[in-house]
Amino acid sequence: MAEKPYGLIATFDTPGALMRAAEKVREAGYMKWDCITPFPVHGLDKAMGVRRSKVPRISLIGGITGFCTGMSMIWFMDKFDYPITVGGKPFFSPLFAFPVSYELTILFTAFATIGGMFLLNGLPMHDHPVLNYENIRRGTDDLFFIVIEKADPRYDLANTKALLEKLGGTEVKELES
Amino acid sequence: MANALENNDVPAVLDEVRPAVKPRAELVGHGRSFSWITEKICGIAEEKTPVWWWWCFITACIVASFTVAGITYLVATGVGVWGHRSPVNWAWDIVNFVFWIGIGHAGTLISAILCLLRQKWRTSINRSAEAMTIFAVVCAGIFPVFHIGRVWYAWFLFPLPNSNYIWQNYRSPLEWDVFAVSTYGTVSVLFWYVGMIPDLATMRDRFNAVGKTIRARIYGLFAMGWRGSSRHWSNYEMAYLILAGISTPLVLSVHTIVSFDFAVSLLPGWHTTIFPPYFVAGAIFSGFGMVLTLILPLRAIYHLEDLITQYHIDCMCKVILATGTMVGYAYAMEFFIAWYGANPYEGFTFINRAFGPYWWAYFIMVTCNVITPQFFWFKSVRANTALVFILSLFVNVGMWFERFVIIATSLARDFLPSSWGYYSPSIVEIFTFFGTFGVFSVLFLLFIRFLPIMAVAELKAVTPQADPHAGHETPGGHGHG
């Protein structure tokens with residue numbers, strides 16, 4: 001028995017078994033639970049009831065910021081702050097400012113996307129209780145896990161354990177927080 | 001391959017027109033398991049450094065020293081040590097820059113465009129192709145940076161406040177290129193790194209399991225505490241998809257902007273609207289050539305035949321065939337437009353390219369780029385790995401000569417015969433370019449040694465057993481047929 005339990009972890013051998021179990025866990029009404037898989041299992045989001053990722057919104061903000069940065073930077077530098085005549089071309093035109101703004105749109109979107117992904121995932125987090133489970137290394141190799149947190153309102157050591165075992169989970173263990 | 005239709009009751013009217021079930025190509029041979037894939041790929045970085053690696057690494061370092069020597073001499077003396085003379089003020093440096101940047105493009109194409117097109121065969125080669133992209137951009141960057149002469153002023157390229165209070169000229173395509181290439185380099189690194197996070201976590205856990213805590217900590221630091229959570233995968237996959245989505249216009253824009261460096265000028269032979277698509281096709285063509293040049297030896301050394309199957313090689317050869325044919329079409333179309341446009345200077349430039357003093361470069365270019373890929377029509381050629389490797393080398397050579405032909409011949413003889421010239425490289429230029437192959441190889445060898453050379457998580461996801469419905473409805477059959 002763990003002194004300060006974090007929750008229960010159950011092992012599954014195949015993505016199919018995990019998927020069927022995940023559907024049942026969701027139907028049982030659990031909210032604070034998770035699956036650990038070595039690769040993204042197709043359709044598991046739906047089985048778990050995970051909503052569409054919010055990363056695209058952050059990306060969009062990044063992209064708009066990048067485009068505006070490019071346009072305003074070029075306007076400021078070549079038209080406002082220090083205009084120089086080159087080849088009789090206008091000091092500012094959105095046409096020649098476009099390639100640079102376009103590249104900055106992509107650059108800022110990339111940073112926003114990756115930053116947003118880390119932010120929404122709460123990473124980096126190097127000391128998560130799940131990582132202390134002795135067999136967790138198989139979770140980045142070839143096994144699949146379901147973790148149900150103690151913080152879940154429906155969590156009950158005996159009942160939750162029975163549910164996970166009934167769903168085909170082997171080695172249902174308590175995690176130390 | 002089990003035919004699902006045979007098991008079901010087919011309505012009588014459809015009895016005669018049963019659709020053919022085409023077996024899907026196996027992406028992982030011999031039905032390898034998840035743990036086999038992990039062991040195979042991570043094992044390459046974990047094993048004791050092989051002897052061949054040291055020999056290659058030392059050789060690569062010696063070759064790379066040529067670049068170091070060439071650049072040191074250039075910085076100590078001046079840009080005059082290169083063979084550039086008026087009228088040819090852009091020569092090998094820009095040729096090499098475009099050559100290396102072009103090679104990089106196949107990496108982004110594989111990781112981004114093929115991801116959007118759901119071409120699952122990309123999973124075996126995307127990691128090493130992305131590494132190739134980054135190292136190629138590193139090699140490319142050397143040339144323009146040192147071509148500016150006083151390299152310690154290279155930061156003038158970027159909009160940083162300086163004591164002259166003057167800003168960059170955004171009306172010039174060269175400044176666009178600064179942004180295009182630096183964005184390309186940055187996004188390529190980010191894309192590569194994000195793709196690697198789950199695999200770094202795998203390596204962290206494997207090092208932990210065998211008690212190598214220092215290495216586990218280093219890999220763990222970069223793995224950001226990844227634990228394979230499904231909720232994380234959901235955001236991760238979305239982020240990866242967006243990165244693929246933005247890298248696609250990025251890769252197309254980068255070589256378009258590189259081509260603007262030429263197309264926006266008024267020089268006959270450069271000032272053409274065909275340049276952007278022509279450059280992009282050429283870049284992908286050369287990049288796939290380089291991917292094959294790198295992957296085929298890796299496959300042989302590490303016995304990766306189950307992960308890089310004949311199907312993968314076929315696909316790459318076909319991309320080379322398609323893009324090579326596009327490049328050939330562009331060569332023909334350039335000639336046609338030069339004649340049809342009735343501009344005497346433009347017409348002369350193209351006759352001069354093919355029959356003037358640089359005829360030999362044009363001949364090599366056409367032979368390597370137009371004729372070489374046509375061999376890939378034949379299945380027996382694609383199945384002959386050694387031959388594919390040799391042909392891929394020809395592609396690399398041909399694309400270098402393409403850039404040389406475009407840049408040097410157009411500048412050497414433009415408008416007034418009184419200002420014509422002939423360009424030959426100096427030994428310093430030759431050394432510097434030769435050395436970049438060493439720089440590239442050093443980086444690539446380090447990559448092989450320390451990082452997972454294939455996307456382990458993605459490879460697992462394309463195996464038949466990764467499908468959660470596999471063996472569910474049709475026991476023993478492939479679920480994804």
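Student: How many residues of chain B are in contact with chain A, and how should I read such a count?

Tutor: Two residues are taken to be in contact if their C-beta atoms lie within 7 Å, and in this predicted model 61 residues of chain B are in contact with 59 residues of chain A.

Student: Which elements of chain B give two or more residues to the side that touches chain A?

Tutor: Those elements are α2 (34-46), α6 (173-209), α8 (230-263) and α16 (456-461) of chain B, and α8(B) gives the most, with 17 residues. Sorted by class, this side of chain B has 32 nonpolar, 20 polar and nine charged residues.

Student: Is V264(B) buried, exposed or partly exposed, and where is it found?

Tutor: A residue counts as buried if 20 or more other C-beta atoms lie within 10 Å of its own, and as exposed if 12 or fewer do. V264(B) has 17 other C-beta atoms within 10 Å, so it is partly exposed, and it is found in the loop between α8 and α9 (275-302) of chain B. The C-alpha atoms of V264(B) and F275(B) are separated by 10.0 Å, the two residues being 11 apart along the chain.

Student: What pattern does chain A follow along the sequence, and why is it described as more spread out than a compact globule?

Tutor: Chain A has five helices and four strands, which follow the pattern β-α-β-α-α-α-β-α-β when read along the sequence. The radius of gyration of chain A is 25 Å, whereas the globule rule gives 16 Å for 177 residues, so chain A is more spread out than a compact globule. The C-alpha trace of chain A spans about 80 × 30 × 30 Å along its principal axes, and 46% of its 177 residues count as buried.

How values were computed
Residues numbered from 1 in each chain as written. Chains lettered and ligands numbered in written order. Predicted model: local features only at pLDDT ≥ 70, side-chain atom pairs only at ≥ 80, totals over all residues. Nonpolar A, V, L, I, M, F, W, Y, C, P; charged D, E, K, R; others polar. Rg over C-alpha atoms; globule rule 2.2 N^0.38 Å.
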